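Here are some exercises to work through with the model open beside you. Try each task before you read its solution.

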Amino acid sequence: MNLLDPQGPVAVANSTILVDSVFIMLTIVVPTIVAILGFAWWFRASNPRAQYQPDFVYSGRVEMVVWAIPALTVILLGGVAWIGSHQLDPRTPVPGTGSPVRIQAVSLDWKWLFIYPDQRIATVNSLTVPAGAELNFQLTSSSVMNVFFIPQLGSMIYTMNGMVTRLNLRADNEGKLQGLSAHFSGDGFPEMMFDVNVISSLAFPDWVASTAKTDQVLNEDSYKKLMQQSVERGRPTYRLEDPRLFDMIATQHIPPGPGPQLTSDAGREHSGEHDAR
C-alpha cells in the first residue's frame, strides 16, 4: 500500500501533489533550521565579533523577509492544493481502454461487498478489475460511515448510508494491490481489508464467466445475512439475482444495519448509557 508507488493516473497525480507540497514546505523549513543553528553559533558567548544591540526593536527589512517568504509559501502551497483537488474531483471521468466497468461497493460491518451489476456477479473482500479500463464506482454503506481507499490507485472517499458517492479510477498495471477501510467502524475495523486483483482485459471475461458458476446467490435474503456483523476470512463469490440490489440498499428499501454495539458494561458507563431494566 505504498502511496509513492502509484499504479494509476489518479494515484500518480496524488503522489505528485504530495511530493510537491513537501518540497514547497521544505523551502521554508530548511532555511529556518539553518538560520536557528547559524544564529546560535554566531551569537554564542565566546564570539567577540557578535554585536549586542539591546535597543534594536524593529527593522522593516527583517519584517519583510519573515512575513513575505511564509506568505508566498502559503500562496503557492494553497494554489497547488486548490488546482490539484479540482482536477482530481472523484466524479471526473478517467478515460481508459475498452468498455468502462461499473462496480457498486457497499461497506458492511466488517467487510466489503462489490457488486458487478452488468456482469450479474458479486464478491466479498476481493475486487477484480481489468487493467487499463475506466472503473466507475458507486459507493454506499450498510450502516455507519466508512471510507473506501486503494492507496496505489488513489482518492479515498466516504461511504454513507442512504446516499451514493461516485468515484472514477483506473489501474494501469496488472498485479495485486491492497484496499482498506480508512475510518474506524467498530471491533472488526482492522480486518476490513480487501484484495484488488488487476488482470488483463482479455482475462476479465473469463474471470466473470468462472465467477458466475458459483452456487451462492446474492439476493435480498442472502444480503441480510451477509450484512450481520462479522469478520469475513474468506473471499466468497455470488451470482447476482437482482441487479437492483444496490439501489435497494442505497435507498434504504433494505433497512440499514445497527452499526457497532457496546458489548461491555464499562463501555456503557463511559458513554452514559444505562440499562432501562
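**Exercise 1. An aromatic pair**

Are Phe 137 and Phe 148 buried or exposed? Find out, then describe how their rings meet.

*Solution.* Before starting, note that this is a predicted model, in which local features need pLDDT of at least 70 and side-chain atom pairs count only at pLDDT 80 or more, while totals for chains, interfaces and linings use all residues. Residues are numbered from 1 along each chain as its sequence is written, and side-chain values use heavy atoms, with hydrogens and water left out.

Step 1: Both Phe 137 and Phe 148 are buried; buried means under 20% relative accessible area, exposed over 50%, and partly exposed in between, with a 1.4 Å probe and protein chains only.

Step 2: Set the rule for rings. Rings of Phe, Tyr and Trp (for Trp, the six-membered ring) pair if their centres lie within 6.5 Å; planes under 30 degrees apart count as stacked, over 60 as edge-to-face and the rest as tilted. This rule gives 11 aromatic pairs.

Step 3: Apply it. The ring centres of Phe 137 and Phe 148 are 5.3 Å apart and the planes stand at 45°, so this pair is tilted.

Step 4: Phe 137 belongs to strand E5 (residues 134-141) and Phe 148 to strand E6 (residues 146-149), 11 residues apart, and the pair links distant parts of the chain. Helices (H or I, at least four residues) and strands (E, at least two) are DSSP runs, numbered from the N terminus.

Step 5: Look around the pair. Phe 137 and Phe 148 form one aromatic cluster with Trp 112, Phe 114 and Phe 194.

**Exercise 2. The five-strand sheet**

Work out the strand order of the open sheet of five strands, and follow E4 through it.

*Solution.* Step 1: The order is E4-E10-E9-E6-E7, with mixed pairing; two strands pair if DSSP finds at least two bridges between them.

Step 1: Check the edges. Strand E4 (126-130) and strand E7 (157-159) each have a single partner strand, so one side of each has no neighbour in the sheet.

Step 2: Trace the pairings. E4 and E10 run parallel and are joined by five bridges, with Ser 126 opposite Asp 195 in E10. Strand E9 (residues 175-181) pairs with strand E10 (residues 193-199) in the antiparallel sense over six bridges, and here Leu 177 stands opposite Val 196.

Step 3: Inspect the cover on E4. Five of its five residues are buried: Ser 126, Thr 128 and Pro 130 on one side, Leu 127 and Val 129 on the other.

**Exercise 3. The seven-strand sheet**

Now do likewise for the open sheet of seven strands.

*Solution.* Step 1: The order reads E8-E5-E1-E2-E3-E12-E11, and the pairing is mixed. The edge strands, E8 and strand E11 (217-218), each pair on one side only.

Step 1: Begin at E8. E5 and E8 run antiparallel, joined by six bridges, and Gln 138 has Arg 166 in E8 as its bridge partner. In strand E8 (residues 165-170), five of the six residues are buried.

Step 2: Move to E2 and E3, which run antiparallel with four bridges; the partner of Ile 115 is Ala 122 in E3.

**Exercise 4. Two helices**

How do the axes of helix H1 (residues 9-42) and helix H2 (residues 60-87) cross, and what does the angle tell you?

*Solution.* Step 1: The axes come within 10 Å and cross at roughly 175°. Axes are lines fitted to C-alpha atoms, for helices over the stretch in contact, and angles run from 0 to 180 degrees between N-to-C directions.

Step 1: H1 is therefore roughly antiparallel to H2 (angles under 35 degrees count as roughly parallel, over 145 as roughly antiparallel, 65 to 115 as roughly perpendicular and the rest as oblique).
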